[in-house]
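This report describes how selected parts of a protein model pack against one another. The sequence and structure are shown first, and the description follows.

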Amino acid sequence: MADLISLSGIKRHYDVGGEVVRALDGVDLTIQQNEYISIMGPSGSGKSTLMNMIGCLDTPTEGIYEFEGELVHEMDDNQLASIRNRKIGFVFQTFNLLPKATALRNVEVPLIYANISRSERIDRAKKALIAVGLEERMHHKPNELSGGQRQRVAIARALVNDPSIILADEPTGNLDSKSGVEIMKILDKLHNNGNTIILVTHEEYIADHAERTINLFDGKIKDDIRTAKRKVGT
Amino acid sequence: MLGLFWENLRISLGSIFANKTRSILTALGIVIGVLSVTLMGTLISGLDRTFEKSMAGFRSDVLMISRMEWFSGDTDWWEMRNRPRIREEYAEKLLDRSQFVEAVAPVSERGGSIMRDDKRIDSRFFGTTPNYLQTNISAEVENGRFFTDGENRSGARVLVIGGDVADALFPDEDPIDKYVKIGNYKFRVIGVLKKMGKFMGLFSMDNQATMPFGTYKRLYARRGWTTLRVKLNTKDVDSAKEEVQGIFRQIRRLKPTEKDNFGINQSSTLEAQYKAIKLAIGGTGIFITALSLIVGGIGIMNIMFVSVKERTREIGVRKALGATQTMILGQFLMEAVMICLIAGLVGMGMAYGLSMVINKFFPSAMPIGLAVGSILLSVIIGVVSGLVPSYRAARLDPIDALRYE
């Protein structure tokens, strides 16, 4: 089977005040369909840069990035926007919902940019919200929702375009432990349903949900461990 | 793409209404700008229409010969002041010698009160000959008759009054054959002129009375200046004017080296002068009011920069979710345009209302082209002032934007 994602020799260097910061310094990585991966590492190890790279928010200074056969490292801004829209679902630590829009409207946003008709948009957004158990809260605005509920809206938004991967950056970082557990359950379930999930975290117990843990250090992959057992979903 | 248009419209309206105070204050600049530009345009167009209407009495084929040029140009005022009088006799001579002149009427004019019992009106009265009617097409006798040559020669105390005078002195009776007094002289009213309206909306052309030139001469001697109204029988005003000038130089016995000591005026000089004044007033007015629109546009630009800054994170999120630069540009451009469009509509509405009020005192009406133009102008201002902030939003790096606190 062809790789879903393939990174080879990826380097990302920043020029900070005349000094070159090597955020990523030669990363080789392949990801298959339906993998459940956690990316770990101390701050400054390049976690965020790698996530931005995989999420097509950033392009490498050097190296080859292939996403389902598309060459991401050669793309311009519009092509990157398009691939983010079609293939990637983002879940952020701080939820990043639009504060003045209802849950439903928030989930609709990726579909708007995919130029999907209004009726189909609402239909699909509702389904996504039902999938994360928010059928009762669709017309609430973020400030009327709890932290856990907000993150579920964000997951619904990440799911709604049927992406190839879901990228979750510290998805439980801003949540109490109970809500955190709920969110992880949802992610586990999505994985069991066949989704590919990449978690960025520095919490061991969050990383334990994944089947494969990649440790970064100084912009390089220190180790890439496949945990033997496959999680049984809830 | 149409779906995205409605979406952007929805987002921008949402954002405008979410920050009501800010939006209103920002829009105020544009409202004032559009209001003043539209109002200025309305007034100028009203002025134009009034001018045309007022000029109906001064047909282009009528020359007015008087001691002075209306618009003297470089001729010294004192030089003109000391020129010899225009005499009544010139009228006959001009009519005899010219091939282009159809009728000539001398007109002298002075101000004074016209009284009847306890009623009085401050008015102007003219002395002229029966030919006057031929030289002024807007003068028309509505009731009664104009005076005759016989009355003119004999200096009969008869008076043709304007509509305003009739209204003031004879509110509810027929003025014909009634008597009025000017100073100590008693006049019989023989006719009432049809109303001509106001000249440039400023003073009424109906507040006047006309008496035979012979009478005027007898009562007021040589006080006041005389103007000759000359009706031409040709549209070729320039040739006629040249001929009349020649004849006048003969009458005045001017040597070839001497300059004219009379002025031949025509409505086109008035028109040309009016156009110059209109251009100066209108141009300056539009320029100054357009400045207020530019200030309004700067306000929009400023607030759009704030809006973009405030929503940096939102822009980051939208980009992460797949918005392209064009989509983000469209979103913010739409917001700027919507503020301006709404403000433009409000400003135009206010200008329309105000023009109705002003119309009570001074003729004004908003032309439809101006209304459409002002709306178009506000949209353009929206685009121009929204472009730089929107471009900045579109160019934001998604990673930086997402990290923005």
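## Orientation of two helices in chain B

Angles between axes under 35 degrees count as roughly parallel, over 145 as roughly antiparallel, 65 to 115 as roughly perpendicular, and the rest as oblique. The model considered here is predicted. In chain B, the axes of helix 4 (residues 89-97) and helix 9 (residues 237-251) come within 10 Å and cross at roughly 130°. Helix 4 of chain B and helix 9 of chain B are therefore oblique to each other. The crossing of helix 4 of chain B past helix 9 of chain B is right-handed.

On the side of helix 4 of chain B, the contact is formed by B:Tyr90, B:Lys93, B:Leu94 and B:Arg97, which meet B:Val244, B:Ile247 and B:Ile251 of helix 9 of chain B. Sorted by class, this contact has five nonpolar residues, two charged residues and no polar ones.

## Nonpolar cores

In soluble globular proteins, nonpolar side chains tend to be buried together. In this model, the largest nonpolar core has 111 residues. The residues with the most contacts inside this core are A:Ile39, A:Val91, A:Val107, A:Leu129, A:Ala156, A:Leu167 and A:Leu199. Helix 12 (residues 325-358) of chain B gives the most to the core, with 14 residues.

The surroundings of A:Val91 can be listed individually. Leaving aside residues up to four places away in sequence, A:Val91 touches A:Ala154, A:Ile155, A:Ala158, A:Ile166, A:Leu167, A:Ala168, A:Asp169 and A:Pro171.

## Contact between chains A and B

Between the two chains, 21 residues of chain A are in contact with 19 residues of chain B. On the side of chain A that touches chain B, helix 2 (77-87) and helix 3 (103-113) of chain A each supply at least two residues. Helix 2 of chain A gives the most to that side, with six residues. The residues of chain A on that side comprise nine nonpolar, seven polar and five charged.

## B:Ile399 and its neighbours

B:Ile399 lies in helix 14 (residues 398-403) of chain B. Not counting residues up to four places away in sequence, B:Ile399 touches A:Asn52, A:Leu57 and A:Asp58. Is B:Ile399 buried, partly exposed or exposed? B:Ile399 is partly exposed, because 18 other C-beta atoms lie within 10 Å, whereas a buried residue has 20 or more. B:Ile399 and B:Cys340 are 59 residues apart along the chain, and their C-alpha atoms are separated by 32 Å.

Terms used. Residues are numbered from 1 along each chain as its sequence is written. Chains are lettered from A and ligands numbered from 1 in the order in which they are written. This is a predicted model: local features need pLDDT of at least 70, side-chain atom pairs count only at pLDDT 80 or more; totals for chains, interfaces and linings use all residues. Axes are lines fitted to C-alpha atoms, for helices over the stretch in contact, and angles run from 0 to 180 degrees between N-to-C directions. Helices (H or I, at least four residues) and strands (E, at least two) are DSSP runs, numbered from the N terminus. A crossing is left-handed if the near helix is turned anticlockwise from the far one by less than a right angle, and right-handed if clockwise. Two residues are in contact if their C-beta atoms, placed from the backbone, lie within 7 Å. Ala, Val, Leu, Ile, Met, Phe, Trp, Tyr, Cys and Pro count as nonpolar, Asp, Glu, Lys and Arg as charged, and the others, Gly among them, as polar. A nonpolar core is a set of buried Ala, Val, Leu, Ile, Met, Phe, Trp, Tyr and Cys residues joined through C-beta atoms within 7 Å. A residue is buried if 20 or more other C-beta atoms lie within 10 Å of its own, exposed if 12 or fewer, and partly exposed in between; C-beta atoms are placed from the backbone.
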